[in-house]
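Dear colleague,

Please find the structure below, together with its sequence.

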Amino acid sequence: GNEITDVVLDSSVTTIPQYAFSCDNITSVVIPYSVTSIGDYAFEDCTSLSSITIPDSVTTIGSSTFEGCTSLTSVTIPDSVTTIGSYAFYSCDSLTDVYYAGSQEDWRKISINYYNGYLTDANIHYKHVHDYSLFTPVTVAPTCTKTGYTEYTCALGEKYRTEYLPALGH
């Protein structure tokens with residue numbers, strides 16, 4: 001059917017409310033730099049979501065935010081985050097890589113509440129400096145329903161999308 005799979009939020013959004021995207025179709029979400037907090041259960045049970053990049057405007061990841069995101073393999077967390085709520089990454093049993101913008105010492109200062117073992121047991125990459133020089137950027141043209149963008153891939157395979165082009169409409 002017409003399920004939404006890619007979500008690009010407008011830069012007027014400052015908070016992602018509770019239960020905002022509790023659905024199993026979403027494969028990608030782009031969170032704008034205007035967002036400062038991600039509410040409890042915001043992405044709960046988004047079983048198709050494979051990776052998420054949290055912008056460095058965010059200070060708090062709520063309780064159960066990504067609970068049940070069973071396809072989530074990587075998450076990029078900025079050093080602005082000071083609190084990660086209980087169950088935020090509960091049952092994220094595919095999570096293997098965490099890209100953290102700060103040092104190991106900074107990571108230890110984050111208040112990570114209980115039942116976040118999949119997060120803390122993942123392979124944590126500290127102070128990851130993105131090197132985008134190895135790969136040619138890929139430009140995806142907009143279609144009548146999908147937003148176009150330019151995607152850069154860094155040396156570790158992290159992807160970065162920019163230069164969004166609006167869907168063309170019918």
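**Findings**

Alanine 122 lies in the loop that connects helix 2 (117-120) to strand 11 (123-126). Please note that the model is predicted. Alanine 122 counts as buried because its relative accessibility is 11%, below the 20% cut-off. Leaving aside residues up to four places away in sequence, alanine 122 touches Leu95, Thr96, Asp97 and Val98. Between alanine 122 and glycine 85 there are 17 Å in space, C-alpha to C-alpha, and the two are 37 residues apart in sequence.

Val98 is also a contact of isoleucine 77. Isoleucine 77 belongs to the largest nonpolar core, which has 35 residues. Phe43, Phe66 and Phe89 join Ile77 as the residues with the most contacts inside this core. Two or more residues are given to this core by strand 7 (74-77) and by strand 9 (97-100). In soluble globular proteins, nonpolar side chains tend to be buried together.

A further point concerns strand 13 (residues 148-153), which is mostly covered, with 5 of its 6 residues buried. Strand 13 pairs with strand 12 (residues 138-140) in the antiparallel sense over 3 bridges, and valine 138 has glutamate 151 of strand 13 as its bridge partner. Strand 13 also runs antiparallel to strand 14 (residues 159-165), to which 5 bridges join it. There, arginine 161 of strand 14 stands opposite glutamate 151.

With kind regards

Definitions and conventions. Residues are numbered from 1 along each chain as its sequence is written. This is a predicted model: local features need pLDDT of at least 70, side-chain atom pairs count only at pLDDT 80 or more; totals for chains, interfaces and linings use all residues. Side-chain values use heavy atoms; hydrogens and water are left out. A nonpolar core is a set of buried Ala, Val, Leu, Ile, Met, Phe, Trp, Tyr and Cys residues joined through side-chain atoms within 4.5 Å. Buried means under 20% relative accessible area, exposed over 50%, partly exposed in between (1.4 Å probe, protein chains only). Helices (H or I, at least four residues) and strands (E, at least two) are DSSP runs, numbered from the N terminus. Contact means heavy atoms within 4.5 Å. Two strands pair if DSSP finds at least two bridges between them.
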